[in-house]
Amino acid sequence: MLTLYLVSVSEYFSKSTTFLTHVRKLTFISIMAALLYCIYSSLFNKITETTSNKRSSKNNINLPKTPHLVLTAEDIKDREIFIIGDVHGCLDELNELLHLAKSKLKGKQLLPIFVGDLANKGPHNVSTIRRIRVELNGYAVRGNHDEAVLKQCLSRQERVDYIVPDKYKWTTELVADDIRFIQELPYTIHIPSKNSVIVHGGLVPGTPLEEQDYTNFITMRSLFKDGDTLTASANRLIGKPWASLWEGPEHVYFGHDAARKLQQYSYATGLDSGCLYGNWLTGIFLDSQMMIHVKAKKVYVTPE
């Protein structure tokens with residue numbers, strides 16, 4: 001009996017040892033699988049985050065087909081480039097500015113290029129977009145207000161129950177061609193033959209154009225030091241005007257900063273002179289650097 005008992009005990013511990021070995025193996029495999037999953041998830045999220053940052057702006061809207069438009073001599077032909085500040089739907093002032101610009105040309109054709117914020121908040125938003133899209137045969141970059149308008153239009157297309165905020169009710173008058181026009185506005189326009197770049201917000205020095213953040217293109221006003229890194233900010237009270245730190249080699253023409261009004265630096269010119277707020281609409285001939293200003297008809301929006 002004792003012998004049988006000892007054999008049974010021996011078999012039990014042998015089976016238990018085998019069982020525990022299996023448990024340890026399974027536990028090890030589970031831990032490794034969990035660890036690999038965490039690593040994979042982390043890498044996937046990192047890739048997704050990076051891709052997302054490069055493929056969308058702050059409003060998570062798909063990029064235009066050509067985010068960075070390059071104008072060649074063939075595109076420009078013999079036209080005189082005239083860069084225009086933020087219009088914001090101030091159509092009367094735009095028409096007056098164009099009339100004055102054409103009077104300076106002595107027969108040459110005008111090529112208008114807009115620094116963004118074509119409409120929104122102003123008195124004639126829809127007709128301003130139509131005038132630029134259909135009649136002027138020019139170019140424009142995307143501004144933060146243009147993108148906000150686009151977001152409203154796309155939200156209305158995607159959701160039948162979407163309620164458009166009161167300040168964007170005018171966007172319901174835009175037709176499909178208007179929306180496509182806004183959708184395809186590039187973030188930057190580069191004119192190599194003139195060593196010039198047009199953008200709405202700004203550029204971070206030292207970062208190639210194709211690696212710049214899309215949100216900065218439409219929102220930045222300032223730069224501040226974060227350690228050794230220059231960081232963009234939409235807040236004009238933080239750091240310094242980004243244009244004051246831009247050292248070229250391209251000259252950048254931009255808008256978006258009405259509070260600072262006309263800005264003129266060695267390698268950057270800010271053309272938002274606050275027409276919407278009762279100040280001026282400004283344009284500049286690229287070759288001669290001659291500026292033209294038109295006084296706003298009224299204060300359309302009181303500055304905050």
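This report looks at aromatic ring pairs around Tyr187 in a predicted model.

## Ground rules

In this predicted model, local features need pLDDT of at least 70 and side-chain atom pairs count only at pLDDT 80 or more, while totals for chains, interfaces and linings use all residues. Residues are numbered from 1 along each chain as its sequence is written, and side-chain values use heavy atoms, with hydrogens and water left out.

## The ring pairs

Searching the whole structure turns up 6 aromatic pairs (rings of Phe, Tyr and Trp, the last by its six-membered ring, with centres within 6.5 Å; planes under 30 degrees apart are stacked, over 60 edge-to-face, and the rest tilted). One of them joins Tyr187 and Tyr214: this pair is tilted, at 5.1 Å centre to centre and 45° between the planes. Tyr187 sits in the loop between α6 (176-183) and β5 (188-191) and Tyr214 in helix α7 (residues 214-219), so the contact ties together parts 27 residues apart in sequence. Helices (H or I, at least four residues) and strands (E, at least two) are DSSP runs, numbered from the N terminus.

Tyr187 also pairs with Phe217, again tilted, at 6.0 Å centre to centre and 35° between the planes. Phe217 belongs to helix α7 and is 30 residues from Tyr187.

## A buried cluster

Together, ring pairs link Tyr187, Tyr214 and Phe217 into a cluster. Tyr214 is buried at 8%, and Phe217 is buried at 0%.

Conventions. Buried < 20%, exposed > 50% of the residue type's maximum accessible area, 1.4 Å probe, protein only.
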